[in-house]
Amino acid sequence: LTQLQSLRLSGSNVGDAGAGAIAAKLTNLRTLNLDSNNVGDAGAGAIAEKLMNLGMLELDSNNVGESGARAIAENVRSLEFLGLNRNRLTDDAVRHLVEGLPELRYLGIHGNKSLRLPEELIHFGDVTALRDYFRRAHGEGKRKLNEAKLIVVGNEAVGKTALVNYLINNEPCRDTDKTLGLHIKERIEVTKWSTRPTTPDA
């Protein structure tokens with residue numbers, strides 16, 4: 001069995017100890033499926049340390065967290081397919097995987113409840129999109145957008161346009177031509193707007 005290249009043992013209650021034993025004995029494996037086997041970070045770490053030539057690793061429905069993901073990212077550089085659906089991954093764990101595995105083409109991560117990534121990234125497992133997401137996040141950092149959308153609606157001829165002109169240009173409200181359809185104004189400066197209530201002069 002030491003020359004075995006593919007092994008599927010899903011749902012066999014292998015655990016961390018069993019994952020470690022498999023990795024230690026079957027070092028020629030190229031494909032390994034241990035879905036639903038109660039494999040945690042220790043088991044994932046043992047696999048990563050011993051099976052560095054894996055091309056496909058399926059560990060769905062286990063208990064792999066950030067340290068297990070880091071071990072995989074640092075050691076199994078040849079991985080092209082990695083299934084880690086329904087584990088304990090965080091956003092940082094996913095980032096380590098997509099940045100650390102240059103050959104990776106698919107990453108299954110749905111069902112990891114701690115993820116805060118956009119749902120479309122989680123659902124499709126598109127590694128290129130995930131890499132782009134983290135690259136942009138790193139480049140832009142966290143910044144305040146200071147942007148909002150305001151829609152003014154109401155009955156006809158009640159002063160919506162006059163109100164908008166007052167808010168934007170600080171012009172007194174006066175009769176204006178009727179707006180046909182809708183009117184869009186963009187890039188409005190609002191830093192001088194005050195949110196504090198004012199009292200009329202006595």
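Author: First a definition: contact means heavy atoms within 4.5 Å. This is a predicted model, where local features need pLDDT of at least 70, side-chain atom pairs count only at pLDDT 80 or more, and totals for chains, interfaces and linings use all residues. Residues are numbered from 1 along each chain as its sequence is written, and side-chain values use heavy atoms, with hydrogens and water left out.

Reader: What share of the contacts with a separation of 6 or more comes from residues 24 or more positions apart?

Author: Take the contacts in the chain with a separation of 6 or more. Residues 24 or more positions apart account for a share of 59%.

Reader: Which pattern does the chain follow along the sequence?

Author: Helices (H or I, at least four residues) and strands (E, at least two) are DSSP runs, numbered from the N terminus. The chain has seven helices and five strands. Read along the sequence, they give β-α-β-α-β-α-β-α-β-α-α-α.

Reader: What percentage of the 202 residues is buried?

Author: Buried means under 20% relative accessible area, exposed over 50%, and partly exposed in between (1.4 Å probe, protein chains only). Among the 202 residues of the chain, the buried part is 33%.

Reader: Which residues of the largest nonpolar core touch the most other members?

Author: A nonpolar core is a set of buried Ala, Val, Leu, Ile, Met, Phe, Trp, Tyr and Cys residues joined through side-chain atoms within 4.5 Å. The largest one holds 42 residues. The residues touching the most other members are Leu32, Ile47, Ile72, Leu82, Val94 and Leu107.

Reader: Which elements give two or more residues to this core?

Author: The contributors at that level are helix 1 (15–25), helix 2 (41–50), helix 3 (66–75), helix 4 (91–100), helix 5 and helix 6 (127–140).

Reader: Which residues of helix 2 are buried, and what covers them?

Author: The buried residues are Gly43, Ala44, Gly45, Ala46, Ile47 and Ala48. Their cover includes helix 1, strand 2 (31–33), strand 3 (56–58) and helix 3.

Reader: How are helix 3 and helix 4 oriented to each other?

Author: Axes are lines fitted to C-alpha atoms, for helices over the stretch in contact, and angles run from 0 to 180 degrees between N-to-C directions. Here the angle is about 5°, with the axes 8 Å apart. Angles under 35 degrees count as roughly parallel, over 145 as roughly antiparallel, 65 to 115 as roughly perpendicular and the rest as oblique. Helix 3 and helix 4 are therefore roughly parallel.

Reader: How many aromatic pairs are there, and what kind is the pair of phenylalanine 81 and tyrosine 106?

Author: Rings of Phe, Tyr and Trp (its six-membered ring) pair if their centres lie within 6.5 Å; planes under 30 degrees apart count as stacked, over 60 as edge-to-face and the rest as tilted. The structure holds two such pairs. The centres of phenylalanine 81 and tyrosine 106 are 4.8 Å apart and the planes are at 25°, so this pair is stacked.

Reader: Where do these two residues sit?

Author: The pair links distant parts of the chain, 25 residues apart. Phenylalanine 81 is in strand 4 (residues 81–83), and tyrosine 106 is in strand 5.

Reader: What kind of pair do tyrosine 133 and phenylalanine 134 form?

Author: Their ring centres are 5.4 Å apart. The planes lie at 80°, so the pair is edge-to-face.

Reader: Is asparagine 112 buried or exposed?

Author: Asparagine 112 lies in the loop between strand 5 (106–108) and helix 5 (119–124). Its relative accessibility is 6%, so asparagine 112 counts as buried.
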